[in-house]
Amino acid sequence: MKLFDVYPLNPIEITKGQGSLVWDNKGQEYLDLYGGHAVISIGHTHPHYVQRLTDQLHKIGFYSNSVEIPLQSQLAELLGKVSGKADNQLFLCNSGAEANENALKLASFYNGRKKVIAFKGAFHGRTSLAVSCTDNPKIVAPVNQTENIIFLPHNDETALERIFSESGNEISAVIIEGIQGVGGIRVATESFLQKLRSLCDQYNAVYIADSVQCGYGRSGKFYSHDFAGVEADIYTMAKGMGNGFPVAGISIAPKFKPWHGMLGTTFGGNHLACAAAVAVLEVIENDKLMENARTIGSYLIEELSKLDKICEVRGRGLMIGIDLPEELSHVKKDLLFKHHIFTGESKPNVLRLLPALNLKREHADRFLDALNKTLNQ
Ligand code: PMP
């Protein structure tokens with residue numbers, strides 16, 4: 001059997017990692033500024049994370065959701081504390097798409113409605129509802145149900161007001177990334193999010209903050225919506241939550257009342273997943289990683305803005321997009337094969353940085369120097 005060929009691959013085999021560095025099977029060192037697409041939040045092989053997961057694996061790795069798993073409550077309590085949402089309820093699942101799927105379903109259970117507002121440039125995952133809310137027709141199959149999804153231009157308050165005044169009572173939910181990731185690091189303005197909050201309140205629609213990529217401290221605050229002082233009804237999270245272990249969740253406001261069997265999944269909240277997620281939050285707190293994301297992120301954004309040959313630098317904390325005037329794939333390849341730095345991209349010409357939240361200043365400098373050389377050669 002061979003692999004279903006869906007990912008274009010670099011001819012590199014990564015066999016080891018520590019912090020923001022990884023090594024290939026030939027011993028070559030690379031600086032990892034992509035963290036497997038925002039997944040590596042606390043750095044590769046963080047000792048506290050390795051210890052917690054190893055200890056847990058020696059005790060028990062999995063038992064079904066039919067028994068009490070105190071680690072789940074421990075995780076919920078810690079997440080409530082670190083995210084500042086102590087009164088919310090946590091549902092655990094396995095991926096970002098699954099988290100969004102459940103959030104949209106929960107909203108529809110709550111208000112009995114069908115229509116969902118999503119935005120141009122959005123990415124919410126590849127399961128049925130999540131992909132229907134994703135602005136990329138190439139990945140939507142005929143079986144996916146798009147007829148209830150309304151796409152609006154991003155950051156357009158007038159369009160938002162218009163749709164609510166026309167059909168506000170039919171709208172179940174609005175799903176929005178505080179900072180669009182796949183869409184090219186586009187930050188939602190504070191006034192747009194505030195407007196969205198007040199319209200959702202007025203029409204009893206559910207505000208879903210897709211925080212899969214921009215959440216978990218990446219922006220320098222736990223949720224990027226915190227910058228606007230806005231409280232979402234549901235936050236979805238995945239990626240950085242497990243630092244590589246598949247774990248996802250939704251943080252649900254107290255007004256949503258569950259019934260048994262309403263949501264569920266076999267692997268969600270298993271012992272190992274919870275151990276990984278608890279370890280990540282402990283490191284975020286103990287090592288003050290949100291503070292580091294703010295400091296190093298601001299430094300990078302400021303220094304990048306000084307480079308010529310860059311059209312625009314966007315982002316917050318350690319979620320940064322660099323709009324380039326020239327062919328992006330050439331820059332990305334040069335960074336990888338000449339300077340040994342992993343970066344990401346968003347179409348058409350945005351170089352995307354999603355490094356670990358404990359990125360060091362010396363590594364930020366290594367990147368700035370390499371990018372300057374690449375752009376000026
Ligand atoms: N939402 C956002 C904002 C994402 O960036 C992604 C993944 N790129 C997803 C949802 C889907 O997450 P997953 O791949 O874990 O299903």
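What distance separates the centres of domain 1 and domain 2, taken over C-alpha atoms?

Modeller: The centres of domain 1 and domain 2, taken over C-alpha atoms, are separated by 26 Å. Domain 1 consists of residues 14–46 + 289–376, and domain 2 of residues 47–286; such bounds come from an automatic or database domain assignment. Residues are numbered from 1 along each chain as its sequence is written. The model is a predicted one, in which local features need pLDDT of at least 70 and side-chain atom pairs count only at pLDDT 80 or more, whereas totals for chains, interfaces and linings use all residues.

A word on confidence comes before the details. The pLDDT is the predictor's confidence in each residue, on a scale from 0 to 100. Its mean over the protein is 97, and 100% of the residues reach 70 or more. For the complex, the predictor gives an ipTM of 0.99 and a pTM of 0.98. Helices (H or I, at least four residues) and strands (E, at least two) are DSSP runs, numbered from the N terminus.

We turn now to the contact itself. Domain 1 contributes 25 residues and domain 2 contributes 29 residues; two residues are in contact if their C-beta atoms, placed from the backbone, lie within 7 Å. On the side of domain 1 that touches domain 2, two or more residues come from each of helix 1, helix 9 (289–306), strand 13 (312–316), strand 14 (319–323) and strand 17 (350–353). Helix 9 gives the largest share of that side, five residues. By class, the side comprises 12 nonpolar, nine polar and four charged residues. In this scheme Ala, Val, Leu, Ile, Met, Phe, Trp, Tyr, Cys and Pro count as nonpolar, Asp, Glu, Lys and Arg as charged, and the others, Gly among them, as polar.

Strand 17 holds Arg-352. Arg-352 is buried because 24 other C-beta atoms lie within 10 Å; the term requires 20 or more such atoms, while 12 or fewer make a residue exposed and a number in between makes it partly exposed, with C-beta atoms placed from the backbone. Not counting residues up to four places away in sequence, Arg-352 touches Ile-185, Gly-321, Thr-343, Gly-344, Glu-345 and Ser-346. The loop between strand 16 (344–346) and strand 17 contains Pro-348, and a cis peptide bond with omega of about -5° joins Lys-347 and Pro-348.

Strand 13 holds Arg-314. Arg-314 counts as partly exposed because it has 17 C-beta neighbours inside 10 Å. With residues up to four places away in sequence again left out, Arg-314 touches Ile-185, Arg-186, Val-187 and Gly-321. Helix 1, in turn, includes His-37. His-37 has 13 C-beta neighbours inside 10 Å and therefore counts as partly exposed. Its phi is positive, about 65°, although His-37 is not a glycine.

Beyond its neighbours within four places in sequence, Ala-277 is in contact with Leu-75, Met-241, Gly-242 and Val-247.

Finally, there is the ligand. It is surrounded by 14 residues, of which the closest are Ser-95, Gly-96, Ala-97, Gly-125 and Val-212; a residue belongs here if its C-beta atom, placed from the backbone, lies within 6 Å. Helix 4 (residues 96–111) gives the most to this shell, with three residues. The shell divides into five nonpolar, seven polar and two charged residues.
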